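Visitor: I would like a short tour of this model. Please take me through it one residue at a time.

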There are 2 protein chains.
Amino acid sequence: MPSCWPLRRYGTLNLSTSGSRAPDRPVAPKTLKKLAILGSTGSIGQSTLSIVEQFPERYSVASLAAGRNVDEAFAQTVRWRPQLVSLASAELAAELAVRLRHAGVSGIRVVHGSEGAVACSTLPEADFVVSAIVGVAGLEATHAAILAGKPVGLANKECMVAAGEILTAAARERNVPILPIDSEHNAVHQCMRVGAHAEVKTIWLTASGGPFRHTPLEQFASITPEQALKHPTWVMGRRITIDSATMLNKGLEIIEACRLFDVPPGKVRVTVHPQSTVHSLVEYVDGSILAQISVTDMRLPILYALAYPERPASNLTFDLATLRHLDFEEPDFQRFPCLRLAYEAAEKGGAHCIALNAADEIAVEAFLQRRIPFTGIPDTIERVLASTPEAHPVTVAEVLAVDWEARRQAGTLVA
Amino acid sequence: MPSCWPLRRYGTLNLSTSGSRAPDRPVAPKTLKKLAILGSTGSIGQSTLSIVEQFPERYSVASLAAGRNVDEAFAQTVRWRPQLVSLASAELAAELAVRLRHAGVSGIRVVHGSEGAVACSTLPEADFVVSAIVGVAGLEATHAAILAGKPVGLANKECMVAAGEILTAAARERNVPILPIDSEHNAVHQCMRVGAHAEVKTIWLTASGGPFRHTPLEQFASITPEQALKHPTWVMGRRITIDSATMLNKGLEIIEACRLFDVPPGKVRVTVHPQSTVHSLVEYVDGSILAQISVTDMRLPILYALAYPERPASNLTFDLATLRHLDFEEPDFQRFPCLRLAYEAAEKGGAHCIALNAADEIAVEAFLQRRIPFTGIPDTIERVLASTPEAHPVTVAEVLAVDWEARRQAGTLVA
């Protein structure tokens with residue numbers, strides 16, 4: 001069982017023991033929260049900036065860490081005037097610095113590489129870090145943010161899968177909150193406010209089931225990248241869309257839930273809910289199940305994480321009157337072997353979780369390049385896991401070493 | 001807008017701002033809660049006693065107020081040995097006293113009438129009052145319990161409809177919690193723990209829609225009591241089953257929600273959900289909707305009210321894996337004019353809410369006796385409401401006077 005970052009108990013809620021009229025609004029004055037956005041040119045980064053735009057009295061931008069998209073990084077820098085911007089390489093950083101100078105924008109420091117991302121996430125002026133760099137690339141900067149005592153909104157599930165034990169230990173030690181931005185875990189976070197941690201019986205993660213819920217099993221080997229990239233409800237990046245089709249994505253979320261909410265894998269279950277309207281559910285020991293329902297728009301969990309424990313009014317409303325049917329089905333473990341592999345890795349923890357994620361990333365890339373069939377994705381993962389020794393890395397460097405070795409093995413297998 | 005008993009704000013929840021490992025269970029020692037059960041021989045009373053039976057380390061019985069069922073009151077008294085028992089009349093009380101003496105049961109005081117029920121609800125040894133006497137008959141004892149500073153679990157919605165303004169004012173003044181036992185309001189209470197009161201946009205009460213959701217409108221006039229008494233999902237008393245068929249029951253719940261949760265009628269809406277699995281939902285201003293799902297068993301909301309803020313483990317579990325479909329539809333106000341009448345009464349408050357409930361009780365009885373058709377129920381209520389002056393009674397006596405006058409008028413109309 002992984003060492004996990006716990007949620008506080010809520011036994012002292014005292015909801016109905018006060019009879020006195022409460023004020024209509026929180027009386028505490030709102031202070032501007034300065035954000036460090038890691039992965040600012042990606043989908044979550046852009047959604048975060050659209051929230052900053054919508055709530056200028058609540059949020060401003062302290063730093064932006066982008067990758068290779070200089071055009072977007074330039075536009076964001078001009079628009080949001082952060083103190084610090086980081087790009088993937090020295091060349092890209094130099095290009096951005098020149099373009100800023102030509103545009104007459106001064107006083108902005110431009111850095112690069114993983115040290116640059118760490119500088120962004122640990123900037124003393126930043127009050128809150130949005131961790132949205134895809135893959136383990138975001139791990140170091142996220143870890144550094146926690147070590148620096150910064151609250152983190154975590155959109156990067158690979159961080160929690162590969163290094164959840166390290167991140168949660170650091171968060172525990174420094175009393176730093178990690179708020180989930182993944183829509184499922186964000187829903188779980190909300191539903192867990194309705195009872196004590198020890199009263200949680202099962203965390204139910206909903207899964208769309210992807211495009212192949214009803215595809216005959218014998219056709220799985222001939223599924224093409226074009227077919228797998230058509231997700232029925234969410235518009236997402238390429239890897240996460242394929243992970244959604246294999247349900248490995250849900251497997252990573254099982255591991256993420258164990259770590260974020262400090263529960264064993266046996267307490268996390270998956271229900272296939274094709275409408276993607278119920279984002280997850282929490283079942284309590286007394287028999288009550290709480291569910292969170294909303295539009296499928298990542299701005300909602302981002303806003304929740306940024307504003308917690310407040311809920312600002314948004315235009316992201318869901319018209320319940322339009323709700324007609326909600327379906328829930330048990331997932332088919334034969335159809336989706338990645339789910340089984342994820343549970344096995346969750347039970348073993350440590351290196352197995354790292355290898356699950358790393359091997360999948362390589363296998364998905366190989367599938368997209370038509371080097372292996374769709375069914376080659378779980379096969380590759382299973383073989384990498386079989387040769388991964390049980391180990392529990394305690395530093396980010398050790399995590400990255402296990403990650404590298406799993407990638408190397410997977411690369412050999414798909415070659 | 002009614003003066004309502006408010007829920008406290010929860011802004012200080014601080015869910016994720018602690019990184020320290022929380023203990024697995026509440027550390028506070030459990031103390032035995034002594035219950036006063038008003039309406040002990042009814043369905044809610046019996047369910048409450050089954051919970052006492054299941055959790056002997058948590059609950060015991062201080063007093064029982066029953067009606068005319070001496071056999072059941074005798075059996076309950078022998079089994080639970082309360083200090084005090086009340087029956088409807090002096091004759092019934094005398095009969096119980098004799099039977100207890102013959103059975104060798106001593107030391108139990110037997111009282112009667114409304115003073116008897118008040119004695120039960122205000123017994124100094126009682127820690128918690130379950131208010132489950134049907135109709136306004138339970139009003140005086142419930143009001144007295146609040147005045148005596150006792151926390152109340154409220155199953156009697158007529159109390160809140162007829163005298164919500166008085167009860168909530170008293171609860172506010174004495175800082176006494178009122179915990180809803182109605183399954184819908186209990187669900188709302190749970191869902192309201194996930195945000196601040198001012199952040200609630202809409203309370204969605206679910207309604208089964210009763211047996212006539214799809215009956216052609218032209219057949220409504222010929223609906224028989226036998227047809228109306230067949231409720232699709234809940235097994236309940238006769239009046240509430242008919243109220244469910246006319247949806248007047250949901251109308252009373254709209255008014256109850258306004259008062260329990262301190263919201264205007266415009267913030268309470270109804271969604272028809274034939275499976276009766278989602279017991280209600282709360283929509284927040286940020287776009288999140290929280291829903292509570294459980295088995296259709298009243299022991300669950302009773303246990304929640306008794307144990308709040310804890311959740312004891314129960315066997316009332318809902319197998320989410322068996323969940324297949326959930327439907328939600330807009331209610332048809334043309335088919336169910338009682339819903340419109342309830343919203344109108346909720347807007348006017350005071351006497352109109354009292355008259356709505358009183359006129360309905362008389363009209364339902366007349367329908368069950370085949371003196372008026374099914375469509376005569378809303379007709380009678382509408383005519384009584386039309387001749388009810390706007391007024392806001394401030395004492396229980398004034399409430400009962402308005403109630404009496406509305407009954408008299410309804411009685412004349414159905415004669």
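Visitor: Leaving aside neighbours within four places in sequence, which residues is A:Ser40 in contact with?

Guide: This is a predicted model, where local features need pLDDT of at least 70, side-chain atom pairs count only at pLDDT 80 or more, and totals for chains, interfaces and linings use all residues. Residues are numbered from 1 along each chain as its sequence is written, chains are lettered from A and ligands numbered from 1 in the order in which they are written, and side-chain values use heavy atoms, with hydrogens and water left out. Contact means heavy atoms within 4.5 Å. By that rule A:Ser40 touches A:Gly45, A:Gln46, A:Leu49, A:Leu64, A:Ala65, A:Ala66 and A:Gln76.

Visitor: Which side chain makes a polar contact with the side chain of A:Ser40?

Guide: A:Ser40 sits in the loop between β1 (33–38) and α1 (43–54) of chain A. Helices (H or I, at least four residues) and strands (E, at least two) are DSSP runs, numbered from the N terminus. A polar contact is a pair of N or O atoms within 3.5 Å; within protein, one must be able to donate a hydrogen and the other to accept it, and residues adjacent in sequence count only if both atoms are side-chain atoms. At 2.7 Å, the partner is A:Gln76.

Visitor: Is A:Ala65 buried or exposed?

Guide: A:Ala65 belongs to strand β2 (residues 59–65) of chain A. Buried means under 20% relative accessible area, exposed over 50%, partly exposed in between (1.4 Å probe, protein chains only). A:Ala65 has 1% relative accessibility, so it counts as buried.

Visitor: Why does A:Asp360 count as buried?

Guide: A:Asp360 is part of helix α13 (residues 351–368) of chain A. Its side chain has a polar contact of 2.8 Å with that of A:Arg239. Its contacts beyond four places in sequence include A:Asp243, A:Leu248 and A:Ile377. A:Asp360 counts as buried because its relative accessibility is 0%.

Visitor: Is A:Asn315 buried or exposed?

Guide: A:Asn315 lies in the loop between α11 (299–307) and β12 (325–327) of chain A. Its C-alpha is 9.6 Å from that of A:Leu300, 15 residues apart in sequence. With a relative accessible area of 55%, A:Asn315 is exposed.

Visitor: How many residues of helix α7 of chain A are buried?

Guide: This helix spans residues 183–191. Among its buried residues are A:Ser183, A:Glu184 and A:His185. The helix is mostly covered, and the count is nine of nine.

Visitor: Which element supplies the largest share of the lining of the largest cavity?

Guide: On a 1 Å grid over the protein atoms alone, a cavity is a set of points where a 1.4 Å probe fits but cannot get out; lining residues have an atom within 4 Å of a point. The largest cavity has a volume of about 60 Å³, the space filled by probe spheres set on the points, with grid points joined across faces, edges and corners. Of its 13 lining residues, those closest to its centre are B:Ser183, B:His279, B:Gln292, B:Ser294 and B:Pro301. Four residues, the largest share, come from α7(B).

Visitor: Over which residues of chain A does pLDDT stay under 50?

Guide: pLDDT is the predictor's confidence in each residue, from 0 to 100. Chain A averages 90, and 91% of the residues score at least 70. Where pLDDT is low, the predicted coordinates should not be read in detail. In chain A, the stretch under 50 is residues 1–29.

Notes
1 Å grid on protein atoms, 1.4 Å probe; cavity = no way out; pocket = protein on both sides within 12 Å on 5 of 7 lines; lining within 4 Å.
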